[in-house]
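Here's a quick tour of how one chain is put together. Have the sequence and the model open side by side as you read.

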Amino acid sequence: MFLDIFWLVVGLVLILAGANFLTDGASSVAKRLGVSDLIIGLTVVAFGTSAPELSISIVAAINRNAELAVGNVVGSNIFNILVIIGITAMVRPIVIQKSVMTTELPMVLLSSIIVLIMGCSVMLDGAAANVVTRVDGLFLLIFFLLFMRYTFASARHSDPAERDPQSADGKKLSGVPVVRAVIYIVGGLAALIWGGDRFVDGATGIARGIGVSEAVIGLTIVAVGTSLPELATSVVAAVKNEPGIAIGNVIGSNIFNVLLVLGTSATIAPLPFGNITDIDLLTLVGASVLFLIFGQFFKQRTITRAEGSVMFACYVAYTIYLIVNI
């Protein structure tokens, strides 16, 4: 058991460090190629915050730990909305842009509903088991490409001043030297791959040691661990009076997790939902609906401290439910 915990911690450290180095390296290369800060934020940074989930889910799929792969995505998205948005709003109320309310937030809800539908294939289609098939995975990847196409199209129609990656003195940002950037990228990928392997081994060993299903481990320990980059980014942004950053952070991560992470993992190997229940999937959809309602109504386009407290309390209640039903 001690060795499993050790590898869990080591794997998580490697994953977080790898995601950070990969993002820094790719961002620097993108800037040298003249790619705008906006595009970098919508692509490289979004990928970077989802890299831990991607690494762990791919390794879990390869090792046929399907419940861990699916639980990682579902649990991370629940955590992102209820905890990250909740805590950020408690630190400082979050004002949401109108375009985000009409376009990006509905995408988060839609992605949650897609997971719910795939998890109810037995009830809806009379299938033998609830499974994310390879065909489902390929469709998710196609939707991911369409989302990226929309992202680039939106960036092209943005303010030209926002597209020009310049510093305050008007000089283009060069980032770190090219050689160091390449080392960051290669080293980051290596850390993600090896760290993901160690993390999955540790989490699986702990689950077997204490008699808990891999689904519960994925929904809790793995989900929280892989969401630490988003949590750290959002809390720091709130302290610096930039709570709006948390919105883009969570939205990008949740969409990437479903379309890219789940899509890639299911394409590698079909993913049975196993012990991941309708309650877990309905909690994900409910969290997305709550996100949309709190952003749109009451104090319009603002998630207040009270609303953030409600969101966080919902996550505590969900966690207690998981513990009680182990």
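Helix axes here are lines fitted to C-alpha atoms, for helices over the stretch in contact, and the angles run from 0 to 180 degrees between N-to-C directions. This is a predicted model, with local features needing pLDDT of at least 70 and side-chain atom pairs counting only at pLDDT 80 or more, while totals for chains, interfaces and linings use all residues. Residues are numbered from 1 along each chain as its sequence is written, and side-chain values use heavy atoms, with hydrogens and water left out.

**The overall picture**

The protein chain comes to 13 helices and four strands, taken as DSSP runs (H or I, at least four residues, for helices; E, at least two, for strands) and numbered from the N terminus. Of its 326 residues, 49% are buried, where buried means under 20% relative accessible area, exposed over 50%, and partly exposed in between (1.4 Å probe, protein chains only). A contact means heavy atoms within 4.5 Å. Among contacts between residues at least 6 apart in sequence, 82% join residues at least 24 apart.

**Two helix pairs**

Two packed helices are described by the angle between their axes and the distance between the axes. Here are the numbers for two pairs:

| Helix pair | Angle | Axis distance |
|---|---|---|
| α3 (residues 66–91) and α9 (residues 214–226) | about 50° | 7 Å |
| α12 (residues 278–296) and α13 (residues 305–324) | about 175° | 11 Å |

Angles under 35 degrees count as roughly parallel, over 145 as roughly antiparallel, 65 to 115 as roughly perpendicular and the rest as oblique. With α12 and α13 packed at about 175°, α12 is therefore roughly antiparallel to α13. On the α12 side, the residues involved include Ile279, Phe291 and Phe294, and they meet a set in α13 that includes Val310, Met311 and Tyr318. Sorted by class, this contact has ten nonpolar, one polar and two charged residues. For the classes, Ala, Val, Leu, Ile, Met, Phe, Trp, Tyr, Cys and Pro count as nonpolar, Asp, Glu, Lys and Arg as charged, and the others, Gly among them, as polar.

Back to the other pair: α3 and α9 pack at about 50°, so α3 is oblique to α9. Among the α3 residues making the contact are Glu67, Gly71, Gly75 and Phe79, and α9 brings residues including Ile217, Gly218 and Val222. Nine nonpolar, six polar and two charged residues make up the contact of α3 with α9.

**A few residues up close**

Glutamate 67 sits in helix α3. Its side chain reaches the backbone nitrogen of asparagine 275 at 3.4 Å.

Buried or exposed: which is leucine 105? This helix α4 (residues 98–118) residue is buried, with a relative accessible area of 3%. Leaving aside neighbours within four places in sequence, leucine 105 is in contact with Ile96, Val100, Ile251, Phe291 and Leu292. Glycine 295 is 190 residues away from leucine 105 in sequence, yet the two are 9.1 Å apart, C-alpha to C-alpha.

Leucine 228, in helix α10 (residues 228–239), is partly exposed at 31% relative accessible area. Beyond four places in sequence, leucine 228 touches Leu12 and Leu16.

Arginine 92 is in the loop between α3 and β1 (94–95) and is partly exposed at 30% relative accessibility. Arginine 92 and glycine 308 are 216 residues apart in sequence, with 9.4 Å between their C-alpha atoms.

Key: Polar contact = N/O pair within 3.5 Å; in protein donor to acceptor, adjacent residues only side chain to side chain.
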